[in-house]
Amino acid sequence: MSRSHSAGATFAAVTALALALTGCGADSDPLDDSGSDGGSSSSIAIGSANFPESELLAEIYAQALEAEGLEVERSFNIGARELYLQALQDGSIDLLPEYNGALLSALTEGGAPEGVSSPDDVYEALQDVLPEGTEVLEQSDAEDKDTLTVTQETADEYGLETIADLVPVADQLVIGAGPEWAERYQGLPGLKEVYGLEFKEFRPLDAGGPLTIGALLDGTIDVGNVFSTDSAIKVNDLVVLEDPEELYLAENILPLIRSEKVDETVTEALNAVSAALTTENLTEYLARIQVDKEDTATVAEAFLSDTGLV
Amino acid sequence: MDSSYLFDPEHWDPGAAGSIPQLLLSHLGYSALALLFGTLIALPVGLFIGHTGRGSFLAINAGNAGRSLPTLGLLMLMVTLLGLGLTPVLIALTVLVIPPVLTSTYAGMRSLDASVVDAARGMGMRPSQVLLRVEFPMALPVLMGGFRSAALQVIATATVAAAVGLGGLGRLLIDGLALNDYSRVLAGAVVVAALAIVLDLLLGLIQRSIVSPGLTGRAVRTRRAAPAP
Amino acid sequence: MIDYLQRNQELVLEALGEHVVLALLPVLIGIVVSLPLGYLGVRFPRLYQPMVNVCGILYSIPSLALFVILPVVIGTKVLSPVNIVVALSIYTVALLARTVADGLRSVDRTLTDAATAMGYRRIRRLFGVELPLALPVVLAGLRVATVSNISLVSVGALIGVGGLGALFTRGFQLFYAEPIIVGVLLSVLLAGIADLLIVLVQRALTPWARLSAGRV
């Protein structure tokens with residue numbers, strides 16, 4: 001088989017193929033409308049980030065709205081903030097649970113403005129930077145912060161209590177977090193700017209998930225980004241480093257929603273959820289998923305009935 | 001389409017952690033190990049089945065059965081059961097290599113002209129000589145076809161290693177995705193595809209040089225290639 | 001595992017349904033696109049090798065990359081299932097177009113000559129004689145495409161649309177093997193059933209194959 005055919009023929013084949021593929025893309029458009037792609041005005045497409053707590057919160061929102069007779073579509077486990085915010089803006093999803101401080105950081109060039117750290121400050125500051133056509137409803141008391149966490153042994157070995165204690169030893173330590181930490185302000189750039197921290201190596205893993213916990217426990221990494229509500233902290237006796245410079249702001253949970261989907265029913269239902277959520281009960285219900293392996297829908301249902309919302 | 005990531009010289013610095021050459025190297029490492037282990041397992045089994053004719057049902061169906069195993073699921077299952085590290089990734093990729101090599105080894109052996117094998121026996125060759133000096137070399141063209149397709153599949157699939165925290169070119173895809181950086185994803189796709197093409201050309205050259213000229217049609221050109229089984 | 005299935009019946013069934021659609025729709029699209037392409041590759045032999053090369057290149061793009069890049073190329077939303085469908089259609093075409101061409105080329109010239117002598121014109125000869133005779137080769141390719149589509153869909157779970165793949169990511173995030181095992185088994189089962197169906201269709205459509213010494 002010779003490969004000496006003319007470039008012209010190759011070009012013709014590429015063109016033919018491209019045309020055929022474009023054609024088939026257009027053909028499948030009608031399916032898009034009838035499929036589960038959202039976009040029908042009556043139903044609310046709910047998204048979540050790619051970690052269990054976000055999925056639990058999204059499921060709680062979903063069931064709370066369903067209890068009001070609204071139609072919802074679930075589009076969970078999308079990815080990191082950088083990705084799901086795009087999905088929100090292009091209308092793939094209408095609503096998702098967010099964390100006020102992280103959202104503010106993500107939406108503000110160079111991190112959150114100075115002097116903003118209390119939940120109310122953050123909420124206030126958020127109003128100015130939300131993407132057009134979106135808004136946040138009332139925030140809950142429940143907080144889940146990004147943390148830098150180490151094992152008890154590492155803490156003892158280097159005498160670590162706060163993030164600032166890492167500074168003299170950071171060049172010997174490997175840090176692990178979701179890939180987005182490489183560029184996110186609340187990741188490495190912020191740690192460098194606020195604390196002057198530069199680690200020996202960054203290992204891109206997952207958003208406080210099993211990779212990060214696993215790597216922390218088996219010594220692949222020394223410092224990990226773990227969420228403060230994660231049951232793994234208690235189960236594995238991990239040490240959460242304090243954050244004296246408040247790089248990690250208030251992280252209250254709140255619904256981020258496309259404005260066109262906001263009406264009285266939606267607002268009331270979601271505000272009731274926010275009012276019922278606390279850091280304690282969130283941690284407790286999340287443990288039922290993470291430790292007891294109960295499924296998300298069951299735990300969400302239990303939360304709503306235990307708190308008397310549904 | 002934004003190709004800035006691909007053409008930024010900074011990302012090609014072999015010394016920088018996570019640079020394209022480093023990712024390329026680890027990608028090749030995973031792929032080569034998986035191909036090695038997969039071939040070490042599948043080749044003897046395929047030769048045995050092809051030589052004896054026993055277990056041919058297994059060899060025929062291994063191809064599609066193996067292809068039906070979702071690599072991502074297998075990988076995540078292995079990580080869940082065995083913990084992090086290289087082992088789960090190598091298991092998942094090796095499982096991908098075995099079916100095409102096994103099936104093509106068997107098909108190569110079966111495609112032999114029975115009279116050639118008979119002639120070899122008639123010449124007084126022992127069974128092991130028949131296998132190694134007649135059957136294996138003659139099965140080589142078909143076998144190499146299977147090996148090449150296994151190699152291509154592994155190169156494209158080794159990207160999943162990044163989904164469980166390892167390196168390889170999949171990092172560009174996973175990190176690009178997490179950062180919503182399409183330019184990086186595009187760079188990953190281009191480098192993986194280029195790697196696959198270069199590797200296929202190389203394997204084609206190797207195939208030409210190790211397959212006996214009497215078998216390739218370079219001596220006598222046949223008009224049609226036999227369809228794959 | 002049974003326990004997991006019982007507790008999550010609805011979720012699993014939904015994932016399974018999504019998986020079937022995402023995997024099989026591209027197979028149909030792929031067939032429709034590949035038949036004319038493959039035919040062109042035979043009708044104009046100069047196109048054959050370039051077509052094979054292009055298909056090879058397309059096939060070597062990692063699926064995750066294709067899923068993510070497509071929205072930029074065809075203007076779909078990032079989470080749209082259309083991305084998965086189009087990506088898998090591309091793989092199907094990359095596999096099948098070549099198979100169709102090879103299948104048509106494998107038809108014995110004396111048979112097509114005989115058909116021409118009987119007064120078959122080109123189109124009728126194609127559909128009445130050449131395609132049916134090429135069917136075993138084409139269907140062998142279709143089996144490969146269908147089965148690999150079914151296993152590839154799950155990669156979409158990394159961007160939130162992946163049928164049974166959702167069970168993989170869910171189990172993985174909780175370090176919990178059960179959902180992953182359920183997902184893998186169902187995916188393999190689905191591939192097995194689809195494969196079997198194609199074999200049955202092949203038997204029904206090519207009764208002559210069983211008369212001559214048949215190799216499946």
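**Figure 1. The interface between chain C and chain B in a predicted model.** In this predicted model, the area buried between chain C and chain B is about 3200 Å², and carbon and sulfur atoms give 80% of it. On the side of chain C, the residues that lose the most area to chain B are Ser60(C), Pro62(C) and Phe172(C), which together account for 16% of what that side buries. Counted by residues, the interface brings 37 residues of chain C into contact with 32 residues of chain B. Across this interface of chain C and chain B, the rule finds zero salt bridges.

**Figure 2. Helices H8 and H9 of chain C.** Helix H8 covers residues 165-174 of chain C and helix H9 covers residues 177-205 of chain C, and their axes come within 7 Å and cross at roughly 160 degrees. Because angles over 145 degrees count as roughly antiparallel, H8(C) is roughly antiparallel to H9(C). The crossing in which H8(C) passes H9(C) is left-handed. H8(C) contributes Leu167(C), Phe168(C), Gly171(C) and Phe172(C) to the contact, while H9(C) contributes Pro179(C), Ile180(C), Val182(C), Gly183(C) and Val184(C). Sorted by class, the residues of this contact between H8(C) and H9(C) are seven nonpolar, two polar and no charged. Phe172(C), which belongs to this helix contact, is also one of the residues of chain C that lose the most area to chain B.

**Figure 3. Helices H4 and H5 of chain C.** The axes of helix H4 (residues 63-74) and helix H5 (residues 81-105) of chain C come within 9 Å, and they cross at roughly 115 degrees. Because angles of 65 to 115 degrees count as roughly perpendicular, H4(C) and H5(C) are described as roughly perpendicular to each other. Their crossing is right-handed. From H4(C), the contact is made by Ser63(C), Leu66(C), Phe67(C), Leu70(C), Pro71(C) and Ile74(C), and from H5(C) by Asn83(C), Ile84(C), Val86(C), Ala87(C), Leu88(C), Ile90(C) and Tyr91(C). The contact of H4(C) with H5(C) has eleven nonpolar residues, two polar residues and no charged residues.

**Figure 4. The helices of chain B and chain C.** Chain B contains ten helices and zero strands, and its C-alpha trace spans about 65 × 40 × 30 Å along its principal axes. The secondary structure of chain C likewise comes to ten helices and zero strands, while the C-alpha atoms of chain C fill a box of roughly 65 × 40 × 20 Å, taken along the principal axes.

Conventions:
Residues numbered from 1 in each chain as written. Chains lettered and ligands numbered in written order. Predicted model: local features only at pLDDT ≥ 70, side-chain atom pairs only at ≥ 80, totals over all residues. Heavy atoms only, no water. Axes fitted to C-alpha atoms, helices over the stretch in contact; angles between N-to-C directions. Helix = DSSP H or I, 4+ residues; strand = E, 2+ residues; numbered from the N terminus. Parallel < 35°, antiparallel > 145°, perpendicular 65-115°, else oblique. Left-handed = near helix turned anticlockwise from the far one by under 90°. Contact = heavy atoms within 4.5 Å. Nonpolar A, V, L, I, M, F, W, Y, C, P; charged D, E, K, R; others polar. Buried area = accessible area lost by both parts, 1.4 Å probe. Salt bridge = Lys/Arg side-chain N within 4 Å of Asp/Glu carboxyl O.
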